[in-house]
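Here is a short briefing on one protein chain. Keep the sequence and the 3D view side by side as you read.

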Amino acid sequence: MKLLKVILVAALLLNLTGCWSKIELDELTFIYGLYVDAGEQPGTVELTISSPLPNRLMSGTQGGSGAGDGKSYSTVSKTSATIPEAAILIQQDLSRRLEVSHLKVVVVGREYAKQGIGDLLEWLKRQPEIPLGTFIISAPGRAKEIPRLSPVFEQFPDQVLENIIKGNIMYSTTLRDCMLAESAGMGYAMNYLTFGKKNEAQGQAKPEYWVGSGGVMLFQDNRMKHILNIRDGRSLAWAAGRIAGHAKFPVYTITWEDKGTGSMSTVFLSNSASTSVRMTTDGPVFHVKVKGRAGLTFLKDTKGRKAEQLSPLLLTKLQDKVVKEITEALHQVQRSEADVLQLGMLMEWNYPTEWKKLKEHWLEYYSKKARIMVSAKFQIADFGSEK
């Protein structure tokens with residue numbers, strides 16, 4: 001009897017497969033990338049979508065080339081007073097219904113980020129089909145230029161951006177991260193791209209474009225406050241415990257002796273960070289502690305000493321360098337009045353009474369008076385092989 005019931009349920013489920021929606025796939029336009037810019041006219045916004053072209057996709061196609069010489073993806077842009085109105089204008093020009101449930105990345109232009117991305121987040125969080133895990137990054141100029149990149153190893157530019165975020169040395173910020181920070185009144189950070197023409201493509205009839213990591217853009221109150229370079233962005237990401245993807249293995253090089261005749265390169269096999277706050281008579285003191293296990297990849301010592309003999313020196317030099325870089329990055333973040341580490345929330349959790357006194361003027365206090373102490377504790381877990 002039980003076996004009969006199992007067979008009956010399985011048959012019903014099989015019959016339901018593929019019948020969840022009356023809308024056929026060939027009636028939909030799947031949006032993979034969303035690009036948002038300030039419009040040319042004040043008070044307007046330009047919305048650009050990037051989507052694959054099913055009629056040009058071929059099995060085994062590489063580098064974004066589809067049937068013939070045509071691309072396997074397309075972009076459409078519209079400008080209006082609001083993002084919803086711009087989205088409706090795009091829909092009016094398409095023969096298929098827009099579908100955003102497969103959205104991979106949202107890119108905001110620099111000028112739009114300066115004005116504030118609050119309206120964008122407000123619209124996105126009211127679209128239940130948009131995944132909250134969608135990545136969000138910022139562009140150095142206009143976001144709509146980014147899809148012009150040449151997806152050499154992928155089919156679509158949105159896939160390139162997604163892989164950069166997952167596998168590079170900066171933040172892997174999602175819509176969820178921004179919305180949670182916004183609701184708590186805290187700051188957040190996201191990857192900042194670089195964009196330009198490939199040097200080897202100069203002189204060609206059709207120029208090729210590339211994108212890469214340019215640093216980290218800082219936000220407070222949903223508005224861009226500052227941009228950190230790659231080194232400072234990496235240091236901030238480590239302090240926040242947000243280093244993304246394969247970049248969980250950052251590389252550091254240190255030197256010693258008077259003229260730098262000794263040097264070492266290490267790659268971190270693992271790393272972590274934690275933040276805490278302690279109340280003193282002079283106010284709160286915030287502590288950022290980073291830990292890591294490093295492997296030795298290069299060693300040069302003019303005195304011919306082995307790595308094991310130099311281990312105490314190497315650890316001290318490595319810890320001092322990382323602490324110095326993280327401290328410098330956090331000072332920049334403080335001066336920009338962007339509480340990216342969300343220290344205000346940490347203060348509220350641990351000392352709610354004192355937080356009530358600081359809440360109204362927290363950003364001023366944070367940028368001018370907050371004390372942040374950085375410490376590091378590393379170990380060299382692998383000295384490398386030696387032939």
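Two strands count as paired if DSSP finds at least two bridges between them. Keep that rule in mind for the hairpin of β9 and β10, where two residues sit between the strands. The model is predicted. The protein chain holds 11 helices and 14 strands.

**The whole chain**

- Of the 387 residues in the protein chain, 44% are buried.
- The protein chain exposes about 20600 Å². Carbon and sulfur atoms supply 52% of that area.

- Strand β9 covers residues 209-220, and strand β10 covers residues 223-228.
- The two strands pair in the antiparallel sense, over five bridges.
- Gln220 stands opposite Arg223 in β10.
- Asp221 is found in the loop between β9 and β10. Its phi is positive, near 55 degrees.
- Most residues other than glycine have a negative phi.
- Is Asp221 buried or exposed? Asp221 counts as exposed because its relative accessibility is 57%, and the cut-off for exposed is over 50%.

- Gln342 is not a glycine either, yet it has a positive phi of about 55 degrees.
- Gln342 lies in the loop between α8 and α9.
- Gln342 has 24% relative accessibility, so it counts as partly exposed.

**The four-stranded sheet**

- In what order do the four strands of the open sheet run? The order is β11-β12-β13-β14, and the pairing is mixed.
- β11 (251-256) and β14 are the edge strands, each pairing on one side only.
- Neighbouring strands of this sheet are turned by 40 degrees against each other on average, direction ignored.
- Strands of a sheet pair through backbone hydrogen bonds, either parallel or antiparallel.
- β11 and β12 pair in the antiparallel sense over six bridges. Tyr252 has Thr266 in β12 as its bridge partner.

**Helices on the sheet**

- Helix α7 (residues 230-239) lies across β11, β12, β13 and β14. It runs at about 55 degrees to β12.
- α9 also packs on the sheet, where it touches β12, β13 and β14. Its direction makes about 45 degrees with that of β12.
- Helix α9 spans residues 343-350. Leu343, Gly344, Met345, Leu346 and Met347 are buried there.
- What do the buried residues of α9 pack against? Their partners include the helices α6 (175-184), α10 (352-358) and α11 (362-368). The strands β12 (262-280), β13 (283-300) and β14 (371-382) are partners too.

**Where α7 meets α8**

- α7 and α8 pack at an angle of about 95 degrees, with their axes 8 Å apart.
- The two helices are therefore roughly perpendicular to each other, since angles of 65 to 115 degrees count that way.
- On the α7 side, the contact is made by Arg231, Asp232, Arg234, Ser235, Leu236, Trp238 and Ala239.
- On the α8 side, the residues include Val322, Glu325, Ile326 and Glu328.
- Glu325 has its place in helix α8. It is buried, with a relative accessible area of 6%, because the cut-off for buried is under 20%.
- Leave aside neighbours within four places in sequence: Glu325 is in contact with Arg231, Asp232, Arg234, Ser235 and Tyr252.

**A buried loop residue: Asp301**

- Where is Asp301? It lies in the loop between β13 and α8 (307-335).
- Asp301 has a relative accessible area of 12%, so it is buried.
- Asp301 and Thr261 are 40 residues apart along the chain. Their C-alpha atoms are separated by 6.7 Å.
- Which residues touch Asp301, leaving aside neighbours within four places in sequence? Asp301 is in contact with Trp256, Glu257, Gly262 and Leu310.
- The side chain of Asp301 also makes a polar contact, at 2.9 Å, with the side chain of Arg305.

Methods
Residues numbered from 1 in each chain as written. Predicted model: local features only at pLDDT ≥ 70, side-chain atom pairs only at ≥ 80, totals over all residues. Heavy atoms only, no water. Buried < 20%, exposed > 50% of the residue type's maximum accessible area, 1.4 Å probe, protein only. Contact = heavy atoms within 4.5 Å. Polar contact = N/O pair within 3.5 Å; in protein donor to acceptor, adjacent residues only side chain to side chain. Axes fitted to C-alpha atoms, helices over the stretch in contact; angles between N-to-C directions. Areas by Shrake-Rupley, 256 points an atom, 1.4 Å probe, with all protein chains shown as cover. Parallel < 35°, antiparallel > 145°, perpendicular 65-115°, else oblique.
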